[in-house]
Amino acid sequence: MSIVGKVALITGGGQGIGRGIALRLANDGADIAIVDVNDEKAAAVADEVRALGRKATTFKADVTKREEVYAAIDHVEQELGGFDIMVNNAGVASIQSIAEVTPEQVEKTFKVNVQGVLWGIQAAAAKFKALGHKGKIINASSIAGHEGFALLGVYSATKFAVRALTQAAAKEFASDGITVNAYCPGVVGTDMWIEIDRRMADITGAKVGESYEKFVGGIALGRAQTPEDVAAFVSYLAGPDSDYMTGQAPLIDGGLVYR
């Protein structure tokens, strides 16, 4: 079973896990829309998609702004001739102790990680209904959405919230044939984890790289995760083999957190 000919939109698709998802779905036969705040990075990934023989388009949008998310989906439908898969991947890290976190940090993290996913769910579901067909909504949670980690309390709270939105939306949209699931990566070798490690070093006095190595050392499969590891699971969620799955947020972390 495949997604050949489907149209997928990935928020935060210009780098890291989002880029990995875009390229995997393109390899699986989908046409791809890259939505990102960085035009240059989005364009570069779109070029990679085209090199794989699939159509691609880009749209600059801030996922915290509801109207921009709706506009992005309208653009995708017009440019690629349809809309079938929504991947709410955009997110930001927040590394700070509970005792020291500021209102500004809380507001920014919740706006991107929670409101950004909410507007993506809302806009995608509305478009699927308008087009009169089923659809797939796939949200970025985290191992931190299953377990709260020291110095990642606010980030963890946002990722727990994504799981709640995923469950609620799955129940609300099931009768429309729309499935809503999430993916929960662990320690992925991307710019986000470089920033997490750097901030943990600043706060704890550990050497740069030490926190990253400590987390990786706890992974049962013995290595850090790659964007391709995550993308392979997202591909399953995007395809017809997962049609009977909804409201779930499985861990895909190499064996770090167990539930």
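Okay, let's start with the largest pocket, which has a volume of about 1100 Å³. Quick note on that number: a volume here is the space filled by probe spheres set on grid points, with points joined across faces, edges and corners. A pocket, on a 1 Å grid over the protein atoms alone, is an open set of points where a 1.4 Å probe fits, with protein on both sides within 12 Å along at least five of seven lines, and lining residues have an atom within 4 Å of a point.

Before I go on, the caveats. This is a predicted model, where local features need pLDDT of at least 70 and side-chain atom pairs count only at pLDDT 80 or more, while totals for chains, interfaces and linings use all residues. Residues are numbered from 1 along each chain as its sequence is written, and side-chain values use heavy atoms, leaving out hydrogens and water.

Back to the pocket. It has 47 lining residues, and A90, G91, V92, A93 and M192 lie nearest its centre. Elements giving two or more residues to that lining are α1 (16-27), β2 (31-36), α4 (103-131), α5, β6 and α6 (191-204). The largest share, six residues, comes from α6. Helices and strands are DSSP runs, by the way: H or I of at least four residues, E of at least two, numbered from the N terminus.

Now Y155, which sits in helix α5. The UniProt record, an unreviewed entry, annotates Y155 as "active site"; such annotations may be inferred rather than shown by experiment. Is Y155 buried or exposed? Buried, because its relative accessible area is 8%, and the cut-offs are under 20% for buried and over 50% for exposed, with a 1.4 Å probe and protein chains only. Leaving out residues up to four places away in sequence, Y155 touches V92, A93, S94, T109, N113, S142, A144 and M192, contact being heavy atoms within 4.5 Å.

Next, strand β6, residues 178-185: eight of its eight residues are buried. I178, V180, A182 and C184 point one way, and T179, N181, Y183 and P185 the other. Strand β5 (residues 135-140) runs parallel to β6, joined by six bridges; pairing takes at least two DSSP bridges. The path from β5 to β6 goes through helix α5 (residues 153-173), and this β-α-β crossover is right-handed, so clockwise from first strand over helix to second, with the strands pointing away from the viewer. On the other pairing, β6 and β7 (residues 251-252) run parallel with two bridges, and P185 stands opposite I252.
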